[in-house]
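This report describes selected local features of a single protein model.

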Amino acid sequence: MSDMRINGQRLWDSLMELAQIGATAKGGVKRLALTDLDKQGRDLVVRWGREAGMSVTVDQIGNVFMRREGTNNALPPVMTGSHIDTQPTGGKFDGNYGVLAGLEVVRTLNDLNIRTEAPIEVAFWTNEEGSRFVPVMMGSGVFCGAFTLETAYAARDTEGKSVGEELARIGYKGEQVPGDHPIGAYFETHIEQGPVLEDADKVIGVVPAVMGLSWYDCVVKGMEAHAGPTPMGLRKDALQVATRIMQQVVAIADRYPPYGRGTVGMVQVFPNSRNVIPGEVKFSIDLRNVNDELLNTMHEEMLAYIEQTRKDTGLEISIERVSYYPPCPFHPDCVDAVRKATAKLGYSTMDVVSGAGHDAIYTARLAPSGMIFVPCKDGISHNEIEDAKAEHLEAGCNVLLHAMLERARAA
């Protein structure tokens, strides 16, 4: 059993074929959740699953579960998976790798005629990216009860189209109630989406935890005025005040290394005219850290700074927390299964705390869960030039194979 390896070329070919659906000129993928292209991608992966002898279940939020039966189907399945929706300027591997690595595990078990006691399932979750519909990680979030199906159905994109309508339109509004699907354990294989593994020249990242994150919407209101006649001292420049807060977001993160993160990624300036002093600025704030205590400290420092800025400037400043995901430690048994598989296979390894959110955060609320990271070129993800080495993807899938077999037990 220790000599078992997946077919790396088959895994790569599957990734490249899926990447053709929504392919962009720069070599990336644009396959937004619940679009026609998402339907094409879903249909392809489901077809591959059925060709591998798997049965398919779709739940009411469009999560897809492809099942390889075990010798004892009374046992809950050992599951792996991720997502196949992408960012508007996404890459070939983010999410897609985790789904197709799971499929490759099943294909390999079929090739070797190996049965497992527990069933094995490959899942892909709806709207993980959150780039078309909010909230992010929607499918797994509804599955674990983080928010209701009704809330998800009501979410609309910028064109006013709802999740419920689009699920029905593409034919993936299933019948199973989200959460009425057992999980014995869950593993998610993913590109790191950061530069740590590549910088350390390691092949496998063992992921003990995922950072917690807080997302906010902040609005600063000043007064529009002509850029020429209005003296500097008499201005109510919303943008200048907003930039103070933006700089403080970064300063707060810098005060809490090594896992403190602070980002302003979205800014809307009104009226956005060259010769008009900005009267209103809306912007996002993203704070992250590895435990609740540090994340809450960063939260409180940011609120205190905004309150002081409000007093100092006299401008109206509002802040609303729109998402909160607590730090997520993974189950020791799953983390240990990944460690043992990596050691058995002889790959170089290190622990990497994930700075990005993943569906495994939500599965961890329901079942023992763990993650496996492999390097990506220059740490770049959510970008059309996202890239990874075939041998690293193969290595991560080999680790997944052996970790899942430990939990599912070869019959």
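His382 is partly exposed, with a relative accessible area of 40%; buried means under 20% relative accessible area, exposed over 50% and partly exposed in between, with a 1.4 Å probe and protein chains only. The residue lies in the loop between β17 and α12, where helices (H or I, at least four residues) and strands (E, at least two) are DSSP runs numbered from the N terminus. Although His382 is not a glycine, its phi is positive, near 55°.

The model is predicted: local features need pLDDT of at least 70 and side-chain atom pairs count only at pLDDT 80 or more, whereas totals for chains, interfaces and linings use all residues. Residues are numbered from 1 along each chain as its sequence is written, and side-chain values use heavy atoms, with hydrogens and water left out.

Gly379 is likewise placed in the loop between β17 (369-374) and α12. Gly379 is buried, at a relative accessible area of 13%. Beyond its neighbours within four places in sequence, Gly379 has contacts (heavy atoms within 4.5 Å) with Gln193, Gly194, Pro195 and Glu198.

Asn127 also has a positive phi without being a glycine, at about 50°. Asn127 belongs to the loop between β4 (120-124) and α4 (138-144) and is buried at 2% relative accessibility.

| Cis peptide bond | Omega | Loop holding the proline |
|---|---|---|
| Pro257 and Pro258 | about 0° | between α8 (238-254) and β10 |
| Phe270 and Pro271 | about 5° | between β11 (267-270) and β12 (276-277) |

The largest pocket has a volume of about 1,300 Å³, a volume being the space filled by probe spheres set on points joined across faces, edges and corners. Of its 44 lining residues, Leu213, Trp215, Asp286, Arg288 and His382 lie nearest the centre. The strands β8 (212-221), β10 (261-263), β13 (280-289) and β14 (316-325) each give two or more residues to that lining.

The largest cavity has a volume of about 30 Å³. Its lining consists of Gly8, Leu11, Trp12, Leu15, Ala390, Leu393 and Glu394. Helix α1 contributes the most to this lining, with four residues.

Leu393 also belongs to the largest nonpolar core, which has 95 residues; Leu393, Ile61, Tyr97, Leu100, Val163 and Phe187 touch the most other members. Such a core is a set of buried Ala, Val, Leu, Ile, Met, Phe, Trp, Tyr and Cys residues joined through side-chain atoms within 4.5 Å. Helix α12 (residues 390-408) supplies the largest share, ten residues. Apart from this core lies another, of 22 residues, including Ala238 and Leu315.

The structure holds zero disulfides, a disulfide being a pair of cysteine sulfur atoms within 2.5 Å. For Cys328, the nearest cysteine sulfur is that of Cys144, 10 Å away. The sulfur of Cys397 is 17 Å from the closest cysteine sulfur, in Cys334, and is therefore too far for a bond. Cys328 is buried at 8% relative accessible area, and Cys397 is buried at 0%.

Methods
On a 1 Å grid over the protein atoms alone, a cavity is a set of points where a 1.4 Å probe fits but cannot get out, and a pocket is an open set with protein on both sides within 12 Å along at least five of seven lines; lining residues have an atom within 4 Å of a point.
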